[in-house]
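Thanks for coming. I will walk through one structure this morning, starting with the overall picture and then turning to single residues. Please have a look at it first.

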Amino acid sequence: MLAHGVIDYHPVVAGTAEDVADHMQQWFEAGACDGFSLAIDGYHDGVDAFVDQVVPLLQERGLFHLDYEGPTLRDHLHAREQYGHDPRVTEAAAR
């Protein structure tokens, strides 16, 4: 039942990191998707487990990039440093 989803119609992979990577690879190589929307489990380590175990497998298989711009998402997106409220919002509100 878990393989077909319990509540949602999207497939759910219950298994090892290799099982998850295999499933993602099969869908991608079959042209069944061009990306994935993940629903990580509710436990505190779900995201860490995916990033630490599944992503490296996908990278080894050439299915996930290795070319990061820096250590943060801000670096990767080339976003400028910003602290506090966005000045565009506060300036608009002052008008």
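What follows is a short tour of this chain, from its confidence values to a few of its residues.

Before the details, some ground rules. This is a predicted model, so local features are taken at pLDDT of at least 70 and side-chain atom pairs only at pLDDT 80 or more, while totals for chains, interfaces and linings use all residues. Residues are numbered from 1 along each chain as its sequence is written, and side-chain values use heavy atoms, with hydrogens and water left out.

Confidence comes next. pLDDT is the predictor's confidence in each residue, from 0 to 100. The mean for this chain is 81, and 88% of its residues reach 70 or more. Where pLDDT is low, the predicted coordinates should not be read in detail.

Now the layout. The chain has four helices and zero strands, in the order α-α-α-α. Helices here are DSSP runs of H or I with at least four residues, strands are E runs of at least two, and both are numbered from the N terminus. Of the 95 residues, 16% are buried; buried means under 20% relative accessible area, exposed means over 50%, and partly exposed is in between, with a 1.4 Å probe and protein chains only. As for contacts, meaning heavy atoms within 4.5 Å, 35% of those between residues at least 6 apart in sequence join residues at least 24 apart.

How do helix 1 and helix 2 pack? Their axes are 9 Å apart, at an angle of about 45 degrees. The axes are lines fitted to C-alpha atoms over the stretch in contact, and angles run from 0 to 180 degrees between N-to-C directions. That makes helix 1 oblique to helix 2. On the scale used, under 35 degrees is roughly parallel, over 145 roughly antiparallel, 65 to 115 roughly perpendicular, and the rest oblique.

From helix 1, the contact is made by A17, E18, V20, A21 and M24, and from helix 2 by F50, Q53, V54, L57 and L58. These residues divide into eight nonpolar, one polar and one charged. Nonpolar covers Ala, Val, Leu, Ile, Met, Phe, Trp, Tyr, Cys and Pro; charged covers Asp, Glu, Lys and Arg; the others, Gly among them, are polar.

On to two glutamines. Q25 is in helix 1 and is buried, with a relative accessible area of 18%. Not counting residues up to four places away in sequence, Q25 touches R61 and L63. Q59 lies in helix 2 and is also buried, at 18% relative accessibility. With neighbours within four places left aside, Q59 is in contact with F64, H65, L66 and Y68.

P11 is in the segment before helix 1 and is partly exposed, at 36% relative accessibility.

Is H78 buried or exposed? H78 is exposed, with a relative accessible area of 61%. It sits in the loop between helix 3, residues 73-76, and helix 4. Phi of H78 is near 55 degrees, a positive value in a residue other than glycine.
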